[in-house]
Amino acid sequence: MRTPQVVVVMGVAGTGKTTIGPLLAARLGVPYAEGDDFHPKANIDKMSAGIPLDDTDRWPWLDAIGHWAHGRAGLGGVVSSSALKRSYRDRIRAVAPGVVFVHLTGDRKLIEDRMSHRRGHFMPTALLDSQFATLQPLQADEAGGAVDIAGEPEEITERAVNALDALSQTSE
């Protein structure tokens, strides 16, 4: 039996991190932490007003996610975070070096459509362009894999599990 992984489910807003994260955690038998819960109120207020966060806003949030992930090392866990830039993922890895990333990817029109049907979320669709402009996909030297978000949540979760299995087989 392998050591449970700590997984960061990443991607632009609307890719389903909050839906897939808990499903993936349940499949892996580990706890889930909602990345948005690590944001200070000032960040949520800024995003709610349609103002993109800058890196200075993000550092404490990324550090908090990294500390949660570090605390789950060897125990496993799933946490969501947009983690759009390599520097953001590096920041999380600086605190929690063993994390792996599942990058939820998909067609912009599909993502925008899903975002327009969400209720009670602070991230407006107006910020989607800035999210895509900021996105730096996982690089070959980063532990993780991309997972397409087409289909039902259970299908997407299955693809994520398969991606993690493939990743653990290449690292053994």
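**Helix packing and cores**

Modeller: Let's start with a helix pair: α1 and α7 are oblique to each other. Bear in mind that this is a predicted model.

Colleague: At roughly what angle do the axes of α1 and α7 cross, and within what distance do they come?
Modeller: They cross at roughly 55° and come within 9 Å. Here α1 covers residues 17–28 and α7 covers residues 153–170. Angles from 35 to 65 degrees fall between the roughly parallel and roughly perpendicular classes, so the pair counts as oblique.

Colleague: Is that crossing of α1 and α7 left-handed or right-handed?
Modeller: The α1 and α7 crossing is right-handed.

Colleague: Which residues meet there, between α1 and α7?
Modeller: From α1 you have Thr-19, Ile-20, Leu-23, Leu-24, Arg-27 and Leu-28. On the α7 side they meet Pro-153, Ile-156, Thr-157, Glu-158, Ala-160, Val-161 and Leu-164. By class, the α1–α7 contact has nine nonpolar, two polar and two charged residues.

Colleague: Nice. Switching to the largest nonpolar core, which residues touch the most other members?
Modeller: Val-7, Leu-24, Val-78, Val-102 and Leu-104 do, out of 23 residues in that core. At least two core residues come from each of β1 (6–10), α1, β4 (100–105), α5 (108–116) and α7.

Colleague: And which element gives the most to this core?
Modeller: That's α7, with five residues.

Colleague: What does Val-102 touch?
Modeller: Not counting residues up to four places away in sequence, Val-102 touches Val-7, Val-8, Val-9, Met-10, Leu-24, Gly-145, Val-147, Ala-160 and Leu-164.

Colleague: What about His-103, is it buried or exposed?
Modeller: His-103 has a relative accessible area of 4%, so it counts as buried, the cut-off being under 20%. His-103 sits in strand β4.

Colleague: Which residues is His-103 in contact with?
Modeller: Leaving aside neighbours within four places in sequence, His-103 contacts Met-10, Gly-11, Leu-135, Pro-137, Leu-138, Gly-145, Ala-146 and Val-147.

Colleague: Last topic: where is Asp-45 found?
Modeller: Asp-45 is in helix α2, residues 41–48. With a relative accessible area of 40%, Asp-45 is partly exposed.

Colleague: And how far apart are the C-alpha atoms of Asp-45 and Asp-90?
Modeller: Those C-alpha atoms are separated by 26 Å, and Asp-45 and Asp-90 are 45 residues apart along the chain.

Note on methods:
Residues are numbered from 1 along each chain as its sequence is written. This is a predicted model: local features need pLDDT of at least 70, side-chain atom pairs count only at pLDDT 80 or more; totals for chains, interfaces and linings use all residues. Side-chain values use heavy atoms; hydrogens and water are left out. Axes are lines fitted to C-alpha atoms, for helices over the stretch in contact, and angles run from 0 to 180 degrees between N-to-C directions. Helices (H or I, at least four residues) and strands (E, at least two) are DSSP runs, numbered from the N terminus. Angles under 35 degrees count as roughly parallel, over 145 as roughly antiparallel, 65 to 115 as roughly perpendicular and the rest as oblique. A crossing is left-handed if the near helix is turned anticlockwise from the far one by less than a right angle, and right-handed if clockwise. Contact means heavy atoms within 4.5 Å. Ala, Val, Leu, Ile, Met, Phe, Trp, Tyr, Cys and Pro count as nonpolar, Asp, Glu, Lys and Arg as charged, and the others, Gly among them, as polar. A nonpolar core is a set of buried Ala, Val, Leu, Ile, Met, Phe, Trp, Tyr and Cys residues joined through side-chain atoms within 4.5 Å. Buried means under 20% relative accessible area, exposed over 50%, partly exposed in between (1.4 Å probe, protein chains only).
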